[in-house]
Each structure stands twice: as structure tokens, then as C-alpha cells.
Amino acid sequence: MDAQKKNLRICGTLLPVLFFGILLVTGAIAMVFHAGREEENLENRTLAEFSGEPAQFEEWLNDHAPFRSQWLNAYAIFNYRVFGSVDNEQVIVGKEGWFFYTGDGTVDEMLGVHVFTEAEMEEILRNLLAVRERYADRPEDFAVFVAPDKEKIYSQYLPEVYENKTNTSRAAELVRYIREHSDIRVVYPVEELKREAEGSVPLYYKTDTHWNRLGAFVGVQALIDCLGGRSCSLSELIVSREEDRAGDLALLAHLPEQYYEDQDPFFTGYYDEANVSVLVEDLSGRGIRKAANEKPADERKLVMVRDSFGDAMNTSLCRYFKEVTSINWEKVSQVPEEEFSGDLFVYEIVERRLLQMPDHLKRLLQ
């Protein structure tokens, strides 16, 4: 028994020494091979900073251990190839190289559970009417645009466990309520996107949470229709796929690029004669971008308060309207009042963030 206790004490002493020895050796090797180079952060988050506090030190060590990125790569490859999964609960591994997102209420929206209550929808509608009253000269010059989640358009690539058995969703119920209880124009292009998604070119990125320029084009055409403009068909475009890219879901999964396939699509054949110039671009500061078109198909000026899905819409919007002002909803308080003035006002939000809609609207009314 005494010998066993002695061996345990020796092991308890040697293991920390061995651990820190490995850290020192790998650290020295890392310094030799990475001298003058900073480790690239591929995880789409801020890594922990050094601190003397024990808890913070553990976080820093986890984030900055030598060859950490290489170890994560190796583990991600092993996990993906052997088990067909990734070690991040926010990422769903779908079929045929498609990845999906679980954050921001996406799973609730996929399954059609936890919809808004009648009282919540009534409050949202009341605030929407107040926003319309403040920012639009006429009721018909205002529209709400709900961008569909990727999970809804490409549900066939989801694992069967995420099948929606309720035949509804938070977005569908809210859109129905607004249409039944007001004259607010609502654009929710689920059917248009599903129809076009049957084609050979993806409308959303396979490894990202967002739609690409083609998906945004389909959404913009539905918006133009709603605002009384002249829409075009996706079939009229000449599409080229360029620039391999790693989407935000691929970065969260920490998968090397050889394990996914994704590209940015570009298109011509849609008002190519448009002469668009950027008047204001302050995305990191005031969250605003304004562009003018010298040869517009539509002489109206459009203002859109949007989230990240509004970014990809800019290409199509700027080729069509005379002027487009795009404002990030998170920074509306930093944008001068005059920038909200236009002929048309659009409030855009992706459906997985509908729970944030009450806060968005309150900011617009402050």
C-alpha cells in the first residue's frame, strides 16, 4: 500500500512537469517556425487575452497553446471523416456538403415551435405602423422584408431529425398576422426562393448562414414587385461562379478548405448599363452605405434598414433604383435623421432574428 501511494505521489509530481515540458518544447518549436508571424484566427471570434487570473489564464492558454490551430485542424478532420460530425454545437452537418446553423433561434424556426403569442404580434404590428408613420410619406411607400433562413429553402439537406411537423413557423405566423390585421406590405419570398432553388446553382452558401447574390437577387425581385416596380427573372442572368470561399459555418467547424466546396456567384445581364457610384461608405463607423445610379430603371430613392442579409441585396438594388441608402440596424442611432429620407422605406430582417424585431423597431422610434 505504501509503495502504491508513493507511486501515485510520483505520478502526481511528474505529470505537471511532463505537461509543462511538452508546452515548452512545442512552444520553442513554434517560435522557430512562426517567428515574426502571428497565428491566424479562423474561428470567427475574439481569442482570450493574457491575464494573471487563474480562470482567465486557462482561457488564454486554451486559445494560444503552441500549434493550437494545427491540433484543431487535425481533430476536426478526424471527427468529420470518422464520425461525420463537427465539434461545435452551432453547426449541423447536413447532406452533400451542406452545413446549417443552430444559433439565433434557427432550430425553433426549423421545427416550427415557440411562435409569437397574439400579444407579441400585436405589439410588433403597432410599432411597425409607428415606424411607417415616421419614415414613409405614404403607406404604399413602406415595406417589411423578411429574408428566409437557408434551413427553410434547402431543408432537403438537413438531417431528418430537424423535420418541421407543425406546418408553420414564427415567421409564417407573423407575416400572416401583419397581412390580416393591416395594410402593411410584407415581402417573405419563401416560395420564390424554393422554386428557384430547384435549379443547378445554389442561392445560399453551402458553408455559410447567408444567401449569396443570386438568392438576394430573387428576394430583391419580390421586393420590386411589391413596390410596384418591374421585376426580372433569375433565368435572364448570365451566372459565373468564382472565388472559392470559406463560410462562417466552415470557420466555426474549423474544417480545412479541402473538406468543403463553396464559391461566390457573380452575374451579368441585369441592367449592366447602370452607372453606380458610391456616395457614402462608413460601414464600420455609422453603418451606412449610399450609392447613386446615373441610369436607373426606377427613379425612386430607396432607404433600407437591414441586417447582414441586406448586404448581398445591394448589388441588385443599386442597379435598379436611382439611389439606395443601406443602414445597419445596430447603428441607426449614429445615422443623421436626413439619411432616412427617401421615396421608399424598407425594413429588412432575416427570420431567425425575428425575436430581436421588437428591439429593432424601438431603436427606429427613439
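## A tour of the sheet and its helices

Start with β9: 4 bridges join β9 to strand β11 (residues 344-350), and the two strands run parallel. This is a predicted model.

Now select residues 298-306, the whole of β9, together with residues 321-328, strand β10. These two strands also run parallel, joined by 7 bridges. Which residue of β10 is the bridge partner of Arg306? Pick Asn328. Then pick Val305, whose bridge partner in β10 is Ile327.

Follow the chain from β9 to β10. The path goes through α11, and this β-α-β crossover is right-handed.

**The whole sheet**

Zoom out to the strands. The open sheet has 7 of them, in the order β4-β3-β11-β9-β10-β8-β7. The pairing is mixed. Which strands form the edges? Select 185-187 for β4 and 276-282 for β7; each pairs on one side only. Between neighbouring strands the turn is 20 degrees on average, direction ignored.

**Helices on the sheet**

Next, show helix α12, residues 357-365. It packs on the sheet and touches β3, β9 and β11. The direction of α12 makes about 150 degrees with that of β11.

**α9 against α11**

Keep α9 (residues 213-226) and bring back α11 (residues 309-320). Their axes are 7 Å apart and the packing angle is about 50 degrees. The two helices are therefore oblique to each other. α9 passes α11 in a right-handed crossing.

Show side chains at the contact. From α9, select Arg213, Ala216, Phe217, Val220, Leu223 and Ile224. From α11, select Ala312, Met313, Thr315, Ser316, Leu317 and Tyr320. Colour by class: the contact of α9 with α11 has 9 nonpolar residues, 2 polar and 1 charged.

**α5 against α12**

How far apart are the axes of α5 and α12? They lie 10 Å apart, and the helices pack at an angle of about 30 degrees. α5 and α12 are therefore roughly parallel to each other, since angles under 35 degrees count as such. Their crossing is left-handed.

On the α5 side, select Glu123, Ile124, Asn127, Leu128, Ala130, Val131, Arg134 and Tyr135. On the α12 side, select Met357, Pro358, Leu361, Lys362, Leu364 and Leu365. The contact of α5 with α12 divides into 10 nonpolar residues, 1 polar and 3 charged.

**α5 against α7**

Last stop. Select α5 (residues 118-135) with helix α7 (residues 170-181). Their axes come within 10 Å and cross at roughly 60 degrees. That makes α5 oblique to α7. Is the crossing of α5 and α7 left-handed or right-handed? It is right-handed.

α5 brings Glu118, Met121, Glu122, Ile124, Leu125 and Leu128 to this contact. α7 brings Glu173, Leu174, Arg176, Tyr177, Ile178 and His181. By class, the contact of α5 with α7 has 7 nonpolar, 1 polar and 4 charged residues. Finish on Ile124 and Leu128 of α5: they belong to the contact with α7 and to the contact with α12.

Technical notes
Residues numbered from 1 in each chain as written. Predicted model: local features only at pLDDT ≥ 70, side-chain atom pairs only at ≥ 80, totals over all residues. Heavy atoms only, no water. Axes fitted to C-alpha atoms, helices over the stretch in contact; angles between N-to-C directions. Parallel < 35°, antiparallel > 145°, perpendicular 65-115°, else oblique. Left-handed = near helix turned anticlockwise from the far one by under 90°. Contact = heavy atoms within 4.5 Å. Nonpolar A, V, L, I, M, F, W, Y, C, P; charged D, E, K, R; others polar. Pairing = 2+ DSSP bridges. Right-handed = clockwise from strand over helix to strand, strands pointing away.
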